[in-house]
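Here are my comments on the model you sent. Please read them with the structure open.

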Amino acid sequence: MAAAGAGAGGEGKKRGASRSWILFDAAGEERVLDADKYAIMHRVDINARDLRILDPLLSYPSTILGRERAIVLNLEHIKAIITSEEVLLRDPSDENVIPVVEELRRRLAPSNATQHDGKENLSGQHDAEGAEEDESPFEFRALEVTLEAICSFLDARTTELETDAYPALDELTSKISSRNLDRVRKLKSGMTRLTARVQKVRDELEQLLDDDDDMADLYLSRKLAGASSPVSGSGGPNWFPASPTIGSKISRASRASAPTIHGNENDVEELEMLLEAYFMQIDGTLNKLTTLREYIDDTEDYINIQLDNHRNQLIQLELFLSSGTVCLSLYSLVAGIFGMNIPYTWNDNHGYVFKWVVLVSGLFCAFMFVSIVAYARHKGLVGS
């Protein structure tokens with residue numbers, strides 16, 4: 001299969017890369033698979049409809065599906081299939097997926113067994129913490145890594161957006177220009193897209209938390225143990241997450257309820273606590289974006305107020321100019337009347353009247369302009 005992909009040229013390499021998977025198993029081994037969809041469907045026992053969700057060429061919303069033997073997980077760029085013994089992660093060479101691969105390699109490494117062999121004489125507290133790590137179901141450890149990765153990824157994108165947006169908005173309020181407006185427009189578009197992505201992940205986690213049956217479908221190890229041994233005994237596996245982050249704290253807080261979980265296959269308290277922890281984290285990211293949106297809306301309102309104020313100032317200036325034009329028109333009318341080249345007798349020997357006509361006409365026009373402005377101020381048409 002790999003040889004066929006290598007000999008198919010550029011198109012074959014591209015197609016092969018799109019089918020590339022990396023596999024981590026419970027024994028700590030990892031290997032790269034270049035398998036087609038039929039081989040993957042046969043390996044993890046899922047149907048074509050579920051596998052189509054992980055197709056990078058198709059746009060599907062964030063989804064976490066529980067099947068009989070697998071968890072199908074599509075969270076943004078993280079597209080994985082988790083079983084009770086292995087994890088298949090798609091496109092491991094993608095720059096956004098590489099941190100997830102490294103974290104899976106670190107968190108799923110079977111280092112606990114060797115540590116317990118050489119530390120049997122340590123204190124009971126250390127033994128209990130190590131036992132919790134061993135008792136954590138494999139699928140929950142893998143699920144926790146993917147949830148932590150997508151929450152951290154979206155939170156990092158939100159932080160980058162906040163770092164760029166707040167200074168740009170402050171600069172826009174101080175100076176309204178085409179460059180600043182276009183910059184804020186692009187940031188607002190990016191914020192809208194990011195909010196939609198965060199909202200999809202949050203909605204999927206909320207949907208899981210609201211349905212106990214969907215959460216019960218994610219207990220792959222428990223379903224596998226129930227199928228092989230219907231009557232669970234005292235030596236059955238414990239179901240408490242243990243990880244260096246949120247899962248470890250949850251497992252230590254929930255150890256006291258172990259008999260209840262062992263005796264009731266419908267008990268989903270452990271997974272519910274795990275999902276709630278990351279639901280709160282993604283909800284906090286969404287709150288950051290909501291706060292940023294409100295800040296953008298406030299900035300837009302402030303800019304609109306400034307623009308309205310500028311428009312009002314222009315209207316006032318237009319009123320003053322129009323009033324002055326009317327007054328000068330009257331002055332020009334007087335000048336035109338006396339400037340007519342028509343002979344009349346009272347114009348003789350009355351040259352001194354010219355200065356009085358000019359003076360009286362000027363004073364009348366000025367008085368008229370002041371009266372118009374005063375009337376406009378009295379009516380509130382212009383500022384005081």
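1. The count of salt bridges in this predicted model comes to 19. One of them joins the side chains of Asp 45 and Arg 69, at 4.0 Å from N to O. This pair links distant parts of the chain, 24 residues apart: Asp 45 sits in the loop between helices H3 and H4, and Arg 69 in the loop between strands S3 and S4. Asp 45 counts as partly exposed because its relative accessible area is 43%; for Arg 69, also partly exposed, the value is 47%.

2. Another salt bridge pairs Glu 160 with Arg 157 at 2.9 Å, N to O. Because these two are 3 residues apart in helix H8, about one helical turn separates them.

3. In helix H9, Arg 202 and Glu 206 are 4 residues apart, about one turn of the helix. Their side chains form a salt bridge of 3.3 Å, N to O. Arg 202 is buried, at 17% relative accessibility, whereas Glu 206 is partly exposed, at 30%. Elsewhere, salt bridges with shared partners connect Glu 103, Arg 106, Arg 107, Glu 144 and Glu 148 in one network.

4. Is Val 72 buried or exposed? Its relative accessibility is 1%, so Val 72 counts as buried. Val 72 belongs to strand S4, and its contacts beyond four places in sequence include Ile 46, Leu 54 and Ala 80.

5. Glu 68, Asp 212, Asp 213 and Asp 217 form a negative one; Asp 213, in helix H10, is exposed at 57% relative accessibility. Tyr 352, Trp 356, Leu 359, Val 360 and Leu 363 make a nonpolar patch of about 570 Å², and Trp 356 lies in helix H15.

Notes: Residues numbered from 1 in each chain as written. Predicted model: local features only at pLDDT ≥ 70, side-chain atom pairs only at ≥ 80, totals over all residues. Heavy atoms only, no water. Patch = residues over 30% accessible without salt bridge, like charges linked within 9 Å, V, L, I, M, F, W, Y side chains within 5 Å. Areas by Shrake-Rupley, 256 points an atom, 1.4 Å probe, with all protein chains shown as cover. Lys, Arg positive; Asp, Glu negative; His and termini not counted. Charge placed at Lys NZ, Arg CZ, Asp CG, Glu CD. Buried < 20%, exposed > 50% of the residue type's maximum accessible area, 1.4 Å probe, protein only. Contact = heavy atoms within 4.5 Å.
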